[in-house]
Amino acid sequence: MTDAPIDLRSDTVTRPTPAMRRAMADAEVGDDVFGEDPETNALEREVADLLGHEAGLFTPTGSMANQLGLRLHVAPGEELLADVRAHVVRAELGAAAVFSGITTRTWPSERGRLVAAAVAEVAEPNAGAYSVSTTAIAIENTHNFGGGTVQPVDEVHAVQAFAREHGIAVHLDGARLWNAHVASGIALRDLAAGFDTVSVCLSKGLGAPVGSVLVGSREHVAAARTWRKRYGGGMRQTGFLAAAGRYALRHHVDRLAEDHTNARVLASALDLDPATVDTNIVFAEVTDPAAFVAAAAERDVRVMQLGPRHVRLVTHLDVSAEQAARAAEVLAALPR
Ligand SMILES: *Cc1c(COP(=O)(O)O)cnc(C)c1O
């Protein structure tokens, strides 16, 4: 293992640990479309409880969880607002438009950091018969393309209050809500409060091979369950996957603090302000990202180019403190 490349491209590259594999192999399973898979039912219950919502729905991907949530809130031709670099806007390939007829506008941000006034500035609820009305707002916590940014609680609350006042739904893309929880010390249920729907990923820093969960009210989750089947996402013996997620919830949440420490080690090696690294994602500006990626790969460190000027480094379960230190040494020596 010591000679394997250190893979910092994404926290999705993790492989199930031996103990997680045992939990998967031992899972009691049934047909989940019939509602008879015990592990999946337990996972949906546990995540809903953790996040303080009524019900949960297991989905194959975070994109599907987000898209199921959004379509519950926005009718065809109505408008979703999101950050200019939001995953739902940039990385889900137009799914909201393709599947749900949703139009989207964005608000600008620094590092994806939420500023309620910027959202209120672009929102247009009840726009009348000849303009598009805003009916949902999506917030991302932590913010991926913003660099793992943890959203300020006061700004989240201000957006929620604004939305409530105007009858606008609010969806939380919480793919990495676990990281926000560990970095801030704020309880998961507090981070998930005040949202109509919340999606969380099990296959990022938590290290499960597959899966996300959408939570919300019983009614919303029942409707999402129907749409999941319509999208072809009704799966059968999902307990093997749910067992990995349940194992991850018990064993891989608190350890995210190690990923955050490792990310700061990488950041300081690249002369970045560690204060700009909230969690497990580091964005570094370099003059030639493709050359940087290639030079790092030659030295067995894999990083990802994002955009014309940046590379992204992500720490995760399969990067130890020793490997992070070694990667930091390699990357510090490369021309930037
Ligand atoms: C990874 C991610 C998702 C979901 O991605 P899938 O690859 O579809 O599971 C959603 N939102 C954010 C912010 C993400 O980083």
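Two strands pair if DSSP finds at least two bridges between them. Three bridges join strand 11 (residues 304–306) to strand 12, and these strands run antiparallel. The model described here is predicted.

**The ligand and its shell**

- The ligand is surrounded by 13 residues, of which the closest are Gly 62, Ser 63, Asp 173, Arg 176 and Lys 204.
- By type, the shell comprises two nonpolar, six polar and five charged residues.
- Helix 3 (residues 62–73) makes the greatest contribution to this shell, supplying three residues.
- A polar backbone atom of Gly 62 lies 2.8 Å from an oxygen atom of the ligand.
- A nitrogen atom of the ligand is 2.7 Å from an N or O atom in the side chain of Asp 173.
- A ligand nitrogen atom is also found 3.5 Å from an N or O atom in the side chain of His 87.
- Of the 380 Å² of accessible area that the ligand has on its own, the protein covers 84%.

- Strand 12 (residues 310–314) is largely enclosed by the rest of the structure, because four of its five residues are buried.
- Strand 9 pairs with strand 12 in the antiparallel sense, over five bridges.
- Within strand 12, His 310 is the bridge partner of Glu 285, while Arg 312 is the bridge partner of Met 304.
- Strand 11 and strand 12 form a hairpin with three residues between the strands, and Gly 307 in this hairpin takes a positive phi near 80°.

**Ile 281 in strand 9**

- Ile 281 lies in strand 9.
- With a relative accessible area of 1%, Ile 281 is buried, because buried means under 20%.
- Not counting residues up to four places away in sequence, Ile 281 touches Asn 144, Gly 147, Gly 148, Arg 176, Ala 263, Arg 312, Leu 313 and Val 314.
- Ile 281 and Ala 324 are separated by 43 residues in sequence and by 13 Å in space, C-alpha to C-alpha.

**Gln 323 in helix 14**

- Gln 323 belongs to helix 14 (residues 321–332).
- The relative accessible area of Gln 323 is 15%, so this residue counts as buried.
- Not counting residues up to four places away in sequence, Gln 323 touches Ile 6 and Asp 318.

**Backbone features in loops**

- The peptide bond from Asn 141 to Thr 142 is cis, with omega near 0°.
- Thr 142 is located in the loop between strand 5 (134–140) and helix 7 (153–165).
- Although Asp 271 is not a glycine, it has a positive phi of about 60°.
- Asp 271 is placed in the loop between helix 12 (256–269) and strand 9 (281–285).
- The relative accessible area of Asp 271 is 61%, so this residue is exposed, the term for values over 50%.
- Asp 300 is a residue other than glycine with a positive phi, near 65°.
- The loop between helix 13 (289–298) and strand 10 (301–302) contains Asp 300.
- Asp 300 counts as partly exposed because its relative accessibility is 37%.

Note on methods:
Residues numbered from 1 in each chain as written. Predicted model: local features only at pLDDT ≥ 70, side-chain atom pairs only at ≥ 80, totals over all residues. Heavy atoms only, no water. Near = heavy atom within 4 Å. Polar contact = N/O pair within 3.5 Å; in protein donor to acceptor, adjacent residues only side chain to side chain. Areas by Shrake-Rupley, 256 points an atom, 1.4 Å probe, with all protein chains shown as cover. Helix = DSSP H or I, 4+ residues; strand = E, 2+ residues; numbered from the N terminus. Nonpolar A, V, L, I, M, F, W, Y, C, P; charged D, E, K, R; others polar. Buried < 20%, exposed > 50% of the residue type's maximum accessible area, 1.4 Å probe, protein only. Contact = heavy atoms within 4.5 Å.
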